[in-house]
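The sequence and structure are shown first.

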Amino acid sequence: MRRTARITTALATATLLAATAACSGTEEAADDGATDTTTEETTEAEPMGDAVLATTDSELGTIVVDGEGMTVYYFTPDEPGSGVSVCEDECLINWPPVHAQDEDPQVDGVTAEVGTITGNDGELQVTLDGRPVYLFVGDEAPGDVAGQAVEDVWWVVAPDGAEITETAGAGSGY
């Protein structure tokens, strides 16, 4: 039974890596040197009521999360202010957009400019400072940051709209 579980886990991991590589435009997953940034001591974020986005403390500092407390990411190839997302097809399966119910999404603690675009799935997608935001299917619980630095194109978002480019455990160093 354990062998079957290990094989299933290995296959799922390989599938996720291949799909992630498809999002970055490479043909195969590369070892990007990113460390596993999940932790068993994540902050349990509470659902945010009507807020589509809020903030919480994490091992990367204060970060933006969705209304369920799941970490929000930027995709580097998205051009700020373009009004479009370049994450399509397989990318959208692994990096689902953060949706809004209307064009004026409510936020709590987020100081970046909040807006929306029509995402590639046809629904309103939230933007921060003109950049679409996403979730990562590899994050299992609120506060997980497993998508941080994947393929060096996926970055956790700070409340002011900046990309957080450090990796967990690296500390600020200064």
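The sections below treat the basis of the model, its confidence, its fold, its sheets, its cores and selected side chains.

## Basis of the model

The model is predicted: local features need a pLDDT of at least 70, side-chain atom pairs count only at pLDDT 80 or more, and totals for chains, interfaces and linings use all residues. Residues are numbered from 1 along each chain as its sequence is written, and side-chain values use heavy atoms, with hydrogens and water left out.

## Confidence

The pLDDT is the predictor's confidence in each residue, on a scale from 0 to 100. Its average over the protein chain is 79, and 68% of the residues score at least 70. Two stretches fall below 50. Over residues 1-48 the pLDDT stays under 50, and over residues 170-174 the value is also below 50.

A contact means heavy atoms within 4.5 Å. Residues 1-48 have 62 contacts beyond four places in sequence in the model, while residues 170-174 have two contacts beyond near neighbours in sequence. Where pLDDT is low, the predicted coordinates should not be read in detail.

## Overall architecture

The protein chain contains two helices and nine strands. Helices (H or I, at least four residues) and strands (E, at least two residues) are DSSP runs, numbered from the N terminus. Read from the N terminus, the order of elements is α-β-β-β-α-β-β-β-β-β-β.

Of the 174 residues in the protein chain, 43% are buried. Buried means under 20% relative accessible area, exposed means over 50%, and partly exposed lies in between (1.4 Å probe, protein chains only). The accessible surface of the chain is about 9,400 Å², with 48% of it belonging to carbon and sulfur atoms. These areas come from the Shrake-Rupley method with a 1.4 Å probe; for residues, only the protein chains shown count as cover. Among contacts between residues at least 6 apart in sequence, 65% join residues at least 24 apart.

Two strands pair if DSSP finds at least two bridges between them. Strand S1 (residues 53-58) runs antiparallel to S2, and six bridges join the two. A hairpin of two residues connects S1 to S2. Within this pair, Thr55 has Val64 as its bridge partner, and Ser58 stands opposite Gly61. S1 and S4, in contrast, pair in the parallel sense over two bridges, with Leu53 opposite Val107.

Another open sheet of three strands has the order S3-S8-S9 and antiparallel pairing. S3 and S9 are its edge strands, each pairing on one side only. Three bridges hold the antiparallel pair S3 and S8, where Tyr73 stands opposite Val156.

## Nonpolar cores

A nonpolar core is a set of buried Ala, Val, Leu, Ile, Met, Phe, Trp, Tyr and Cys residues joined through side-chain atoms within 4.5 Å. The largest such core has 20 residues, of which Cys87, Trp95 and Trp154 touch the most other members. At least two residues of this core come from each of S2, strand S3 (73-75), helix H2 (90-94) and strand S8 (154-157). A second, separate core holds 15 residues, among them Val64, Val72, Ala100 and Ala112. In soluble globular proteins, nonpolar side chains tend to be buried together.

## Selected side chains

A salt bridge is a side-chain nitrogen of Lys or Arg within 4 Å of a carboxyl oxygen of Asp or Glu. The whole structure has one salt bridge, in which the side chains of Glu163 and Arg131 meet at 2.7 Å, N to O. Glu163 in strand S9 (residues 163-164) and Arg131 in strand S7 (residues 131-132) are 32 residues apart, and the pair links distant parts of the chain. Glu163 is partly exposed, with a relative accessible area of 28%, whereas Arg131 is buried, at 11%.

Ile117 lies in strand S5 (residues 114-118) and is buried, with 10% relative accessibility. Beyond residues up to four places away in sequence, Ile117 touches Gly83, Val84, Ser85, Glu123, Leu124, Gln125, Thr127 and Pro132. The C-alpha atoms of Ile117 and His99 are 9.6 Å apart, and the two residues are 18 apart in sequence.
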